[in-house]
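Please look through the sequence and the model shown here, and then read the short report that follows.

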Amino acid sequence: MQSSPLTSTPLFHFGPVAITRPVVTTWIIMAALALVCRFVTRRLAILPDGRQAVLEGIVVGIAGQIEDVIRKDARPFLPLLGTLFIFLVVANLSGVLPGVEAPTSKIETPAALALIVFFSVHYFGIRARGLRGYLASFAEPKLIMLPLNILSEITRTFSLMVRLFGNIMSGEFVIGLVVALAGLFVPIPLMALEIFVGLVQAYIFTVLATVFIGAAVGSVAKG
Amino acid sequence: MHLDWWTIGLQTINFGILVWLLHRFLYKPVLTMIDARKAEVRGQFDVAKDVEAKAKAELAAVEAERAGIAAEREAALKAAATQAQEMAEARRAQAERDAEALMDSTRKTLASEREGALDEARRIALDLGSDFAQRLLAEVPMQYRAEAWIERIEQHLKAMPQAEREALVQQLANGKPLAIVTACALPPATADHWNARLRQSLGVSSAMTFAVDPALTAGAELHFPTAILRFSWQSALAAARMEAGAHGQPR
């Protein structure tokens with residue numbers, strides 16, 4: 001357990017770049033997801049078996065959720081938002097494994113994801129409306145709303161980051177405290193709660209990102 | 001609070017790489033497979049629609065053919081009914097003609113048979129009447145019967161035109177005899193009486209001979225050399241039979 005939950009200790013350095021534990025954990029998660037997906041999608045068939053059916057159910061379910069929010073074809077947004085949800089689920093739940101820290105329990109990973117969502121929102125907004133149309137959307141419904149809209153772009157991104165980081169970090173922090181104070185099996189209910197919180201936070205982060213993108217492309221009202 | 005910007009950058013890159021990896025190994029193959037399945041389902045649906053359309057077309061053709069068969073059957077039945085009606089009419093007309101011909105033939109046959117029966121009845125009646133008359137006549141004395149006959153002969157000669165009577169008399173010239181034939185023999189006195197009265201009626205003096213012919217039944221005949229005057233029942237009955245045969249009724 002680290003001295004401060006807000007800082008990441010470098011495991012090793014690659015030149016001037018410090019490689020921290022969340023980065024390594026993320027690499028492992030990336031490798032595991034890529035290998036599992038590669039293995040499962042190696043032999044897809046028209047008539048799916050059980051594994052293929054589960055995989056197709058996950059993909060179609062995420063796409064359906066995106067379409068329900070954006071009310072447009074989900075395929076252009078599926079790689080970003082689907083990956084966001086899958087990564088957050090795996091990353092949040094990885095903290096339950098012994099000796100593993102969830103990458104999202106450190107501020108850098110939620111910050112990186114929030115930054116990606118921030119820029120993706122503008123990318124999809126400009127692609128859907130054009131640069132002038134997208135910029136003009138900041139002055140809606142009145143010109144006086146322009147500063148508030150710009151400010152909300154920053155604050156909601158910050159809110160995304162802090163919400164995810166705070167929930168995951170606090171869960172792990174509480175579990176660590178209970179383990180230190182009460183023993184090995186006492187934090188099990190808290191770990192179950194942490195699993196639920198991890199799933200909920202992954203869903204909330206992804207849905208909010210979807211709503212932001214939907215508002216940027218004009219299919220969801222800003223609010 | 002300290003932010004490790006290298007970690008933020010690396011995590012950003014990592015997430016970008018993960019997006020690419022999952023797009024490459026998850027979304028693309030799964031969506032491709034789903035699209036292929038949809039295309040196959042759509043293709044099967046199209047094939048099913050084609051099969052359905054073909055089936056509907058075949059059904060329509062079969063129904064049209066059935067309708068044609070029904071119409072053809074209706075027309076055939078109608079034609080057969082018309083033909084049967086015509087044949088029945090023709091047969092009925094033929095039967096009526098045959099019946100009429102048969103009735104005509106029967107009427108003619110009946111009329112002919114009735115005529116034959118009537119003729120036969122008339123002949124029988126004549127024969128019977130003649131027989132009765134002959135029997136009744138047999139009971140009358142000969143002299144009375146002969147008197148009646150000679151009176152009739154005299155009346156006939158008297159009523160005869162002069163030219164005919166002279167022609168008959170002429171036949172008795174040169175002594176040629178007049179033969180008197182009766183159904184039964186006349187007594188001598190009666191024969192003399194007849195001889196005298198005939199000479200007076202004819203105005204001649206020729207010899208007269210008497211002969212008997214039972215076929216005359218009753219009456220007498222005057223046989224001139226080339227002519228015969230018949231006053232017998234035989235001739236009367238013959239005339240009656242001829243009239244009955246010619247006119248259906250005796251006069």
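## How the two chains meet

Contact means that heavy atoms lie within 4.5 Å. By that rule, 43 residues of chain A are in contact with 30 residues of chain B. This is a predicted model, in which local features need pLDDT of at least 70 and side-chain atom pairs count only at pLDDT 80 or more, while totals for chains, interfaces and linings use all residues. Residues are numbered from 1 along each chain as its sequence is written, chains are lettered from A and ligands numbered from 1 in the order in which they are written, and side-chain values use heavy atoms, with hydrogens and water left out.

Chain A and chain B bury about 3,500 Å² between them, and 77% of this is on carbon and sulfur atoms; buried area here is the accessible area (1.4 Å probe) that two parts lose on being put together, summed over both. Eleven residue pairs, both members at pLDDT 80 or more, are in polar contact between chain A and chain B, where a polar contact is a pair of N or O atoms within 3.5 Å, within protein one must be able to donate a hydrogen and the other to accept it, and residues adjacent in sequence count only if both atoms are side-chain atoms. On the side of chain A that touches chain B, the largest share, nine residues, comes from H1(A); helices (H or I, at least four residues) and strands (E, at least two) are DSSP runs, numbered from the N terminus.

## Salt bridges between the chains

Side chains of opposite charge can pair when their charged atoms come close. A salt bridge is a side-chain nitrogen of Lys or Arg within 4 Å of a carboxyl oxygen of Asp or Glu, and across the interface of chain A and chain B the rule finds two. In one of them B:Arg37 pairs with A:Glu56, with the closest N and O atoms 2.8 Å apart.

A:Arg75 also forms a salt bridge with B:Asp35, and there the closest N and O atoms are 2.6 Å apart. Because A:Arg75 lies in the loop between H2 and H3 of chain A and B:Asp35 in helix H1 of chain B, the pair joins two chains.

## Salt bridges inside chain B

B:Arg197 forms a salt bridge with B:Glu154, the closest N and O atoms being 2.5 Å apart. B:Arg197 belongs to helix H4 (residues 188-202) and B:Glu154 to helix H2 (residues 142-159) of chain B, so the pair ties together parts that are 43 residues apart in sequence. Both B:Arg197 and B:Glu154 are buried, a word that means under 20% relative accessible area, with exposed over 50% and partly exposed in between (1.4 Å probe, protein chains only). Together with B:Glu147, these residues B:Glu154 and B:Arg197 are linked in a network of salt bridges.

## Buried residues

Which residues of chain A does B:Asn14 touch, leaving aside its neighbours within four places in sequence? B:Asn14, in helix H1 (residues 5-138) of chain B, is in contact with A:Val23, A:Thr26, A:Trp27 and A:Met30, and it counts as buried because its relative accessibility is 4%. A:Trp27, found in helix H1 (residues 21-40) of chain A, is partly exposed, with a relative accessible area of 35%.

A:Phe205 lies in helix H7 (residues 188-217) of chain A and counts as buried at 2% relative accessibility. Its contacts beyond four places in sequence include A:Leu84, A:Val117 and A:Leu164.
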